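Here are a few notes for when you open the file. Have a look at the model first, then read on.

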Amino acid sequence: MKKRGRECLLIAVFLTSCCATADDLTYVSEFYSKVPQKLSRYSWYGNVRLLLFRVPQDTVFVRWLFTGSRDAGATCANTTVTIHIRAGAPPVINPLETQFSENAAFSLAHNFTLMLGSAGPNMTFFNLTNPAEGDWFIAAHLPKDDGKIEPKGFSSSCSYFFQPQMFVRRVIDMPVLEPGVPLQQTVSSPDKPAVLKVFIPAYTAELTLRLGGCRTENSTADSCPLLLTLGSAALTRSSPKTVNCSRQDECPARLHFPPWESWVRITVESLNSNLSTSFQITAALTAGCKPKSGRLFGDFFSKFSGVNGTGFFSNATFNTTLPVDSLLNSAPSGDSCVRSQPVFKEDVDVVSVRFALINGPNISISSQAPTLISLNLNSGADSGGTLVLDLRLNQTSLTHGNATVVVCVSAWSPVLTLNESQSCTTAFSQGYSLRMNGTSPEAALHIPFPETALWYLTLHTVCPADASECGKVSGTVLASSLLSACVNDCGTYGECQLLRSYGYLYAACTCKAGQRGWSCTDASEAQSYARQMLAALLLTLSNLMFIPPIVVAVYRYYIVEASVYLFTMFFSTFYHACDQPGITVMCIMDYDTLQYCDFLGSVSSIWVTILCMARVKDIFKYMLFILGTLVIAMSMQLDRRGMWNMLGPCLCAGLAMIAAWIYRSVQRRQCYPTTWKRWVFFLLPGIVSAVVGISLYVFAQTDENYLYTHSAWHILVASSVVFLLPPREKHKKPWGWSQEAICGYQICKNEREELYTVP
């Protein structure tokens, strides 16, 4: 009830503070919330809690409420939560300040911090006016991981939680500005702006707005005390455009290369308080270059059917904003000012897509007209990978040696006028530029988490300004474009992990051997080959310390115990050989199987050793061996890193041993074991060795010292078994030969001899 009341109070505060409605528009408010998420310390992107909100269409204001809380305990320290927010794709972050790959093109997401103190839940607001519609991603995490390795349940740190909530104010009857049709509007105060939208069709080169005819209440001035804003806020490389019209009687605003096939928001705010201003606004669209229309599907199918001999690629779809009939003509003719080539999109795997040109991988380029290629990343799952572009200029095909191929990669709309001075910039965003020439014929671009949009690749051949008689220049470029879950599968020292947040899938790299970075390409703290080999040898050869316990167990006729130690030594050796990063790896079977058998053998060794020390009757001992091992196997399947997987068998077996020793002590009326030498030279050293080993395993292991502490754990535990195994029973000889069996055979022999000597 308290939580429900707090939410209602927050909604009421939101409505009273930001939802004053304009006279001519109808506003509605909506509320969205996510359940609290447990936060983790950051070591790689998988530690991030990624949450997805969908901002509805025609939203004019959004307020996010971020709430952080922690467990109420003395061990809970004050900390900070870092929050990243981005529209269209998951945030690209770099909390560890690592280096990205050489060809990476990215912009770090907007972020801020939330302090978590001892005064209960902490809250912060984040307001945004005119947000972009669609998916908004929020990522949250704690500070850097300290690298300490602790069994699950032993950690002394408390839990921190994060809950985002979103309040939305949107217009349900937003006016539409038709091109060429003037629209009369009135604004009365800064908190009651006029909001409109205009649709931008494909091939629009420019949007021109003219705001004029201003009439301000109780004023005879011809100026327009208005602030004109074009576009929506996305907190990415895109940003809205703002024009101050206060000193102009007619206020023009132009957008070059506006986003195609989408709505553009227009907001007009008054600069005068409590004064109404009426104005007239007109929009004009300038059509840009269009490719010439070609023939329909006959030649198209004949070209495409040669791709694999049977027709179409499996799972291949055509994804392009360009009409199919126009796409079939890839060469300009007449007054055509743009080339275009058809592209098909083939789903290869989860978060993995391949783009290919119908006419082959070679792109024809010319100085007469730019070449345009569209890459459809409109699917929500396409933003969870990395867009990889590889281009190589065919130098022999270039008709002018000093020419340069200028490439622009942009989202939402292409840049169709590329030259030496024109930057790769559209109306609201900054694209990514590439250049190729005779001395540098290759170019590559990696865009992590690309926005969900139509992406455009524009190529144009230009000549240097001082070149004479450049004329018509043409050539070809070999292109490869794909959406990959991880670039190069994270390399030798990384592993590509598929992650999920509710129904959204994305991928990230987890690095080993000191490698860091988005694609595990930052080698500033990488481990040398010698250190990797040292870690592999220490962690594997330290298991050979189980050979003495095996020999002692066999010598003392503990065959079952020796078999368990042999099982543990074998699988622990090969598990650590398979667990190594980089090139010092050897896996004889599946990694998960080796890990399971290593954990099972380790706990089972503790179980059988303590039960052997109890010296109960064989029938009960072997029954407990089997029953305990089955329970341990079940618990390992449930959670092999849980605290009670080791504590449970130790406690149960220890209680059984203490009960058996107390029973013997009472029955014999003396302390058991009976000799002080057994206590001083065997039990105490064994117990100390086991306690030190378990303490290292539980409290001292970190990522840096793991190879030393874990190897010491192997040695100490194996050594403790040698001391703790009880001596063999008096009626049994070494290596398992039973005295009863020998005596029985001798008795039978003597009886037979006596039988033959009887007269």
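Where is the place of Val680? Val680 sits in helix α10. Before the details: this is a predicted model, where local features need pLDDT of at least 70, side-chain atom pairs count only at pLDDT 80 or more, and totals for chains, interfaces and linings use all residues. Residues are numbered from 1 along each chain as its sequence is written, and side-chain values use heavy atoms, with hydrogens and water left out.

1. Start with the kink. Helix α10 covers residues 676-700 and bends by about 35° at Leu683, with Pro685 following within four residues. The bend is the angle between axes fitted to the seven residues ending at a residue and the seven starting there. Helices are DSSP runs (H or I, at least four residues), numbered from the N terminus.

2. Now Trp661, in helix α9. Trp661 counts as buried because its relative accessible area is 13%. Leaving out residues up to four places away in sequence, Trp661 touches Met613, Ala614, Tyr672, Pro673, Trp679 and Leu683 (contact: heavy atoms within 4.5 Å). Its C-alpha atom is 9.6 Å from that of Val616, 45 residues apart along the chain.

3. Back to Val680: it is partly exposed, because its relative accessibility is 39%.

Definitions and conventions: Helix = DSSP H or I, 4+ residues; strand = E, 2+ residues; numbered from the N terminus. Buried < 20%, exposed > 50% of the residue type's maximum accessible area, 1.4 Å probe, protein only.
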